[in-house]
Amino acid sequence: MAETLTKNHEILEGPQAPRQSRFVQQFRLFKENRLAVVGLVIFLAFFITAVAGVVLTSGQDPVFNPSLVRLQEKLQPPLSLPNLETLKAHEVPTLGIYLLGTDDLGRDVFARMLQGAWVSLTVGFVAVGIAVIVGIFLGGLAGYYGQEGICYDQILDFLLLLSGIIFFILKWHKLGFGLFTAGIFMMILSFRARRVKQNRFMPGWLHKSAFSFDTLIMRMVDIMLCFPSFFLILTVVALLPASIYNIMIVIGLTSWMGTTRFVRAEFLSLREQDFVSAAKALGLGNFRIIFRHMMPNAVAPVLVSATIGIATAILTEAGLSFLGFGVPPPYATWGNILSDGKRFIFDAPWLTFVPGIAILIVVLCFNLFGEGLKDALNPKLRQE
Amino acid sequence: MALTDNHKNAVTLQVAGLKKYFPVHRGFFQRVAARVKAVDGVDFEIGPGKSLGLVGESGCGKSTVGRLILKLLEPDGGKIFYKGRDISHLSPREMRPLRQEIQIVFQDPYGSLNPRMTIGQSIDEGLRCVGLSKEGRKSRREELLEMVGIWPGAADRYPHEFSGGQRQRVGVARSLSVNPSLIICDEPISALDVSIQAQIINLLNDLQSRLDLSYLFISHDLNVVSYISDRVAVMYLGHIMEYADTESLFEKPLHPYTLALLSSVPKIDDTGTRGAHTPLKGDVPSPLDPPPGCKFQGRCPRVEERCRKEEIQFSRFDGDHWVRCWKASP
Amino acid sequence: MAFQKPLLRTEDLKVYFYGRDKISRAVDGVSYHIHAGETVCLVGESGCGKTVSALAALGLIPSPPGKIVGGRILFKGTDILSLDEDAMQKIRGNQISMVFQEPLTSLNPVFTIGDQIGEAIRTHETISQDALDKRCVQLLRDMGIPSPEQRLHDYPHQLSGGQRQRVMIAMALACNPDLMIADEPTTALDVTVQAQILNLLKSVQEKASMAVLYITHDLGVVSGIADRVYVMYAGLIVEEGNTRQVFGNAVHPYTMGLLASLPDRKKRGKRLHNIPGTVPNPAYKPDGCPFHPRCSHAVESCKTVEPEMIPLEEGHRCRCPVLAKKP
């Protein structure tokens, strides 16, 4: 055996090609897409503006005061100078000029845009964050554990518990309580029936699988996609108290379907890959297989769809604010600046153009950035 | 195959009546509409340090057998004994300690390594399962890479930087990382270049004699199987058609399918003359809709009425030569 | 035969692929020829340039990134590299046809096989629908497809792999070409089906007296069907000759190594001969003889001097100055 060992020593092999790191290759592919680079630069500028905006416009005595009313200076066009004679010292804009004009109450549009940038950014990121988390969770479950069946008794338990809670909420306390206890009792029964293999507690058909977990989640996605989501959001927002956090959560909870489908498809194809089988054969736990082996391979398309999702969320928030269902005044967002401005579109067109163009540019840059990211993360393009 | 307990303990792996039926789903609620009998009653055994070749055409269920033994799939019937212990119905938790005893080497060297991990990290996953410390892992990793002929300094490189043959070596190193005693080689060389195939075969052979490994060698290539295995099982549509020692099977094949396979293999003939052979007619039927009776009846040159009607039993001929054909005679 | 003009001849063909920052010299000076009615095999491993050197004869090199940077391809005496796309279209399918490796992806899934065979014929000649259908049925029958009238209306996914490859061959034969290029037509098939297809190819070739350029990596298939063999390595032909010369009397260390490394029952218990190292990446080819890093016979000059083809016997040539000298 020693002979073969020394033979092996002679032909020890390494890669032929010079070392190329994945990141360098990706960055090079990204750089080749000019528009994507423009998108990235604008995105960074927007990010800095938004962060600066929240710092400069908040607090007791902000540098730029977005809610300071100067009725005598209303509807000033962009780049006009304040009339120093009629203004008190603290009312003079910080830059000494109305960079983007003033609105119908004489508030500085530049300060309001700064404040609104932060709203757009947080709405975009938080809403997409929620959507991605829900999407990865449900999609991962459907993709990895999808073939596990849901049995009739489990459906029954769930329906009993749910109807119990509903009746309780509808103030039919006795009926609700009864159904709820029946549900819990059923759960204990079916749990025991599963523990001891030959069950005497329940008829056998209750333990047959009705449909798979994957079917359940994917049908849920189909149903959610049936609703025109903007009207769904409108309805929910009308029922809930108006607040920026509710908006974020509602947008997030109505846009997870795409990510779920993505992640499920990725997981379904990854699950069949040999390296996942190999990890299972080595005896690794499900947790490690999902998070160490599958997730890093599934994350690229999710990232791309998330980037484009941020643009959609910003648009949705602007739309809601425009309709008056969004973030409540006096807090400024690009949507409600636009909405306020529409009444003066002929007298003061900058009130509509400034936020409109800002939304256009930011949404466009996110989409371009997402496209570039898609190319950069595409392993097929990277190979050659 | 009735065997005594004593015998069971002596073999590394014994498979008896193994079955796997894949459900076919249809409809809104994805109900089970049909079942594909991918593996339909398979028996064989592998002794310690021995190789069994499992040969068959695509779709015959040979890879499914490998995955059933690894317990990547749950069998629908039959038993799998590993060193005398029935592992066919162990829960994932009970299976954990046994996992490391049986490992696999895959066909596709591109899909079998995680593209987001360096090859060192891939091997480390196995070493972690054995419970080695960080230093222990490093030295063992270098030892393993050297054993399969990869420069240990390349451990921090990603799989896409290696050639197919090198990746296959890394795959072998990963499966060795948990010190298995049985390795399932699922077409380990058929995706490789001709000049690389011999390297991997030699590597597998060296490792077998050095570490006393048992192999289940799944392949469609009869030449490779005849070189590497001690015994050979020929599969067709989920059934084993013939099962015998390599010499015996290649010298005097008893089943008409084995005969047809052997005559279909192109042989290197340096005289420039071509051996005329009559190829088998027809294609492999779909496993969704197999013929009744003997699965081979539709293509068999010796077919008779009985073959179409009854399921043919697996029966033993002289010595340890098993065949699923009632017309076979030694 | 030897003095007859060859049907297809390439002279010093060079095809390079231009990547972002590297040039892959996929085919680096390849000369081969095929006489009418002959079966010639190009054998080699993946990336050795065998497919590219055959595709060049059809003008099917994807460009960019590929580019024919040198050499000539003569088909019946005319240089097809100088032809324009229209003239090339007339040759393609009509005089030179092609069968690909993967029969599922080379057939269009939304058309029936009757449509697809019919289209191959209609592109090159005017023919009535009735006559066309008859001809398609006849072609399928010649290919040994059962009940061809019904199969004509089937879609590709309704056929098995072997039958799809028969349809591909029927399409390639539709216009009675002089030369058929078959690129690994049996690699995706099972051995029993492969044997059927090889027999079919042999019989249609005899009937139609057509030349076949067969591209494969499987030495067993080559020895079964070829009249002459070209062994390729890293964009070069390293050995050529008739089947008896190449398989019985191989001279180049690569050919010898390949033949010796094939596993066989007779070699049981013995270690297989093994060519060390890896097939070179076409972008990072070694200097001198491309095989020298893996060659056990290499001498100092192999590392620097690119070897020439050295004639050995009638029609047998090899690109190894070290071994060719020995008697």
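View 1. Chain B as a whole averages a pLDDT of 85, and 93% of the residues score at least 70.

**View 2. Where chain C meets chain B.** Here 47 residues of chain C are in contact with 41 residues of chain B. About 3,600 Å² is buried between the two chains, 51% of it from carbon and sulfur atoms; buried area is the accessible area (1.4 Å probe) that two parts lose on being put together, summed over both. Thr192(C), Arg265(C) and Arg268(C) supply 20% of the area that chain C buries against chain B, more than any other three residues.

**View 3. A salt bridge between the chains.** Look for the side chains of Arg268(C) and Asp230(B), which meet in a salt bridge (3.7 Å, N to O). The count between chain C and chain B is four such bridges, each a side-chain nitrogen of Lys or Arg within 4 Å of a carboxyl oxygen of Asp or Glu.

**Notes on the model.** Residues are numbered from 1 along each chain as its sequence is written, and chains are lettered from A and ligands numbered from 1 in the order in which they are written. In this predicted model, local features need pLDDT of at least 70, side-chain atom pairs count only at pLDDT 80 or more, and totals for chains, interfaces and linings use all residues, while side-chain values use heavy atoms, with hydrogens and water left out.

Notes:
Contact means heavy atoms within 4.5 Å. pLDDT is the predictor's confidence in each residue, from 0 to 100.
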